[in-house]
Amino acid sequence: MSKVHYHKLRSGQRVAYARYGAPSGHPVFYFHGSPGSRLELRNCDEEARVSGLQIVSMDRPGMGQSNFCGAYTLLDYARDVLEVADALGFGTFSISSLSGGAATLYSVAYIAPDRIQFAIDVAGWAPVGEHTALKSSMAPLDKAYRWIAQHTPWLFGVSFRLIKWAATSPTWLMRLLSTSLSEADRTWLSTSDNLQRFQESLLEALNQGVAGGAADARLRYLPWGFDLADIAIQVHIFHGTDDLFAPHSYALWKRDRLPQAYLMTLPSAGHLELMDRVPGLIAKVISDPKLGKEISS
């Protein structure tokens, strides 16, 4: 398991993070899923090192080893990311995310465009809490979570206790996820190492209890507090056609909403399986400055 690093914020809260890849490589923050933890990319350390990447993966409040800080907004947490970047000596850096981590990616991009070289959104979530066009393509369970987030947020704790319980058993975890898994994701999880890593990341996310994970997830179903149309940096979106967790229509909506968005659609790709492809996608964008023009056509 990767070494845990800590940073004490000016607010007094403790942030935990892991560093993968080359210590002096190109700095990239990675924002994990919801729920998730810094451990999501722990199998990618060597690939990141070979690609010359220094990936910083932070636990969000109340998950992993980061303290729970009660009520906060996406933009509050984006400022925490910048504080950690300052502490690490990153004047400029890149950002990447998977799944629900996209809400963090866009919030950081919104408040600090001058510090970000590029952003990579992999299988990312969209602001479903404020745009009815996105609501129509949501899975039935996500529609229910959206309603709970806006009307009875205490129920999030109940659902996250179920997730924590299921994560203790590979069998029950697969049953819980069964309706959200594409064939590609089922194949990825059929490898015991992948299933174990995903299970360990979830257990680490909820090791302090469910309050942090529930609060983090709820933020993703509420209005994000900014408009993607106001994001002034280049964003590369990679999204699978067979994604059942975050439908491909999310990627199409973001492509049309963002001023500088380049979408690469991944045929037959799912959701969880893209976790292992994150370092390679980052390296691809870094090595080919013309990639945006190529994949937008």
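Contact here means heavy atoms within 4.5 Å. Helices (H or I, at least four residues) and strands (E, at least two) are DSSP runs, numbered from the N terminus.

## Basis

This is a predicted model, where local features need pLDDT of at least 70, side-chain atom pairs count only at pLDDT 80 or more, and totals for chains, interfaces and linings use all residues. Residues are numbered from 1 along each chain as its sequence is written, and side-chain values use heavy atoms, without hydrogens and water.

Strand 6 spans residues 116-122. Six of its seven residues are buried, so the rest of the structure largely encloses this strand. Buried means under 20% relative accessible area, exposed over 50%, and partly exposed in between (1.4 Å probe, protein chains only).

Two strands pair if DSSP finds at least two bridges between them. Strand 5 (residues 93-98) runs parallel to strand 6, with five bridges between them. Ile 95 has Ala 119 of strand 6 as its bridge partner. From strand 5 the chain passes through helix 3 (residues 102-111) to strand 6, a right-handed β-α-β crossover. Right-handed means that, with the strands pointing away from the viewer, the path from the first strand over the helix to the second runs clockwise. Strand 7 (residues 235-240) is also parallel to strand 6, joined by four bridges. There, His 236 stands opposite Ile 120.

## Helix 11

Helix 11 covers residues 248-257. Its buried residues are His 248, Tyr 250, Ala 251, Trp 253 and Lys 254. They pack against helix 3, strand 6, helix 4 (132-135), strand 7 and strand 8 (261-266).

## Largest pocket

The largest pocket has a volume of about 840 Å³. Of its 33 lining residues, Ser 34, Pro 35, Asp 142, Leu 177 and Phe 245 are the closest to its centre. Two or more lining residues come from each of helix 5 (140-151), helix 6 (155-166), helix 7 (170-177), helix 9 (192-205) and helix 10 (211-221). Helix 6 gives the largest share, five residues. By class, the lining has 22 nonpolar, eight polar and three charged residues. Ala, Val, Leu, Ile, Met, Phe, Trp, Tyr, Cys and Pro count as nonpolar, Asp, Glu, Lys and Arg as charged, and the others, Gly among them, as polar.

Pockets were found on a 1 Å grid over the protein atoms alone: a pocket is an open set of points where a 1.4 Å probe fits, with protein on both sides within 12 Å along at least five of seven lines, and lining residues have an atom within 4 Å of a point. Grid points are joined across faces, edges and corners, and a volume is the space filled by probe spheres set on the points.

## Second largest pocket

The second largest pocket holds about 210 Å³. Leu 9, Ser 11, Gln 13, Asp 76 and Asp 80 are the closest to its centre, out of 18 lining residues. Strand 2 (14-21) and helix 2 (74-87) each give two or more residues. Helix 2 gives the most, with five. The classes are six nonpolar, four polar and eight charged.

## Backbone details

Ser 34 and Pro 35 are joined by a cis peptide bond, with omega about 0 degrees. Pro 35 sits in the loop between strand 3 (26-31) and helix 1 (45-50).

Ser 99 is not a glycine, yet its phi is positive, about 55 degrees. This residue lies in the loop between strand 5 and helix 3. Ser 99 is buried, at 15% relative accessible area. Ser 268 also has a positive phi, near 65 degrees. Its loop runs between strand 8 and helix 12 (278-287). Ser 268 is partly exposed, at 49%.
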